[in-house]
Amino acid sequence: GPDNMVLTWTPDSQSIVFLSRREAWNPWYGRLFTVPLGGGLPVALPLDRGGFLSYSPDGRQIAYDRIFRNFRTWKRYDGGLAQDVYTYDFASKKLTRITNWKGNDTVPMWYGRTIYFLSDRDSNRRSNLWAYDLDNKQFRQVTHFTDYDIDFPSLGDSGIAFQQGGSLYVLDLPSEQLHKLRVSV
């Protein structure tokens, strides 16, 4: 769980970023830390709280959630712990709120000039992948599942893998072609 949860690598692949409650003043607000691959003490990112995050391609910024509640089963939740996506610029220390939906916007994934994220903002209130274009500031729905939510997507070099309704999918990038994976056990 979020007491100490690995999230990603730093852009130079020399440290691991993890979410921890070790310095939390409130259990809803974990902090983000890096720890060197070769060992050493964790170093807090310059943020008061955080959740899932993704680095920009140049490593100078992150897209992230300021609240982590992704293990909760509060579907279609609209309360004060609903998540939004922010960007943070390490050089300017500028925090920018990207989303402002009453529901949940979470698990940001920065690819090129687009930030992909999970949101339940469609008419069915299902968690689908959405995209935010950093240039024109527009949102668009990328997947259109109506039966089950997408869970825990993960960005790779050329796609986003995720689980939905007991099946595995890959959204190829940059084409955004969706492929259902066949798995035999």
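Which residue is the bridge partner of Gly-159 in strand 15? Asp-172 is the partner of Gly-159 in strand 15, and I will come back to that pair once I have said what kind of model we have here. This is a predicted model, in which local features need pLDDT of at least 70 and side-chain atom pairs count only at pLDDT 80 or more, while totals for chains, interfaces and linings use all residues. Residues are numbered from 1 along each chain as its sequence is written, and side-chain values use heavy atoms, with hydrogens and water left out.

Let me begin with the strands around Gly-159. When I say strand, I mean a DSSP run of E with at least two residues, and strands are numbered from the N terminus; two strands pair if DSSP finds at least two bridges between them. Strand 14 and strand 15, the latter covering residues 167-172, pair in the antiparallel sense over six bridges. Their hairpin has two residues between the strands, and there Gly-165 takes a positive phi near 60°. Strand 15 is in turn joined to strand 16 by three bridges, again in an antiparallel arrangement, and across this pairing Leu-171 stands opposite Leu-178 in strand 16.

The hairpin of strand 15 and strand 16 has five residues between the strands, and two of its features deserve a careful look. Pro-174 has its place in this loop, and the peptide bond that leads from Leu-173 to Pro-174 is cis, with omega near 10°. Glu-176 lies in the loop between strand 15 and strand 16 as well, and its phi is near 60°, a positive value in a residue other than glycine. Is Glu-176 buried or partly exposed? Since buried means under 20% relative accessible area, exposed over 50%, and partly exposed in between, with a 1.4 Å probe and protein chains only, Glu-176 at 21% relative accessibility counts as partly exposed.

Phe-152, which is found in strand 13, also has a positive phi, in this case near 40°, although Phe-152 is not a glycine. With a relative accessible area of 41%, Phe-152 is partly exposed, and ring pairs link Phe-152 with Phe-52 and Phe-68 into a cluster.

That brings me to the aromatic pairs, of which the structure holds eleven. Rings of Phe, Tyr and Trp (for Trp, the six-membered ring) pair if their centres lie within 6.5 Å, and planes under 30 degrees apart count as stacked, over 60 as edge-to-face and the rest as tilted. Phe-145 lies in the loop between strand 12 (139-141) and strand 13 (150-155), and Phe-162 in strand 14 (residues 159-164), so the pair ties together parts that are 17 residues apart in sequence. Both Phe-145 and Phe-162 are buried.

Strand 2 (residues 15-20) and strand 3 (residues 31-36) run antiparallel and are joined by six bridges, with Phe-18 standing opposite Phe-33 in strand 3. Strand 3 also runs antiparallel to strand 4 (residues 43-44), with two bridges joining them, and in strand 4 the bridge partner of Phe-33 is Ala-44. The hairpin of strand 3 and strand 4 has six residues between the strands, and Gly-39 takes a positive phi near 105° there.

Phe-33 has a further neighbour to mention, for Arg-22 lies over its face, at 5.4 Å from the ring centre. A charge sits over a ring if NZ of Lys or CZ of Arg is within 6 Å of the ring centre and within 35 degrees of the ring normal.

Finally, two residue pairs show parts of the chain that are separated in sequence. Leu-7, found in strand 1 (residues 4-9), counts as buried at 18% relative accessibility, and its C-alpha atom is separated by 5.7 Å from that of Val-17, ten residues apart along the chain. Arg-76, in the loop between strand 6 (61-65) and strand 7 (85-89), is partly exposed with a relative accessible area of 26%, and Arg-76 and Asp-120 are 6.8 Å apart, C-alpha to C-alpha, although 44 residues apart in sequence.

Definitions and conventions. Helices (H or I, at least four residues) and strands (E, at least two) are DSSP runs, numbered from the N terminus.
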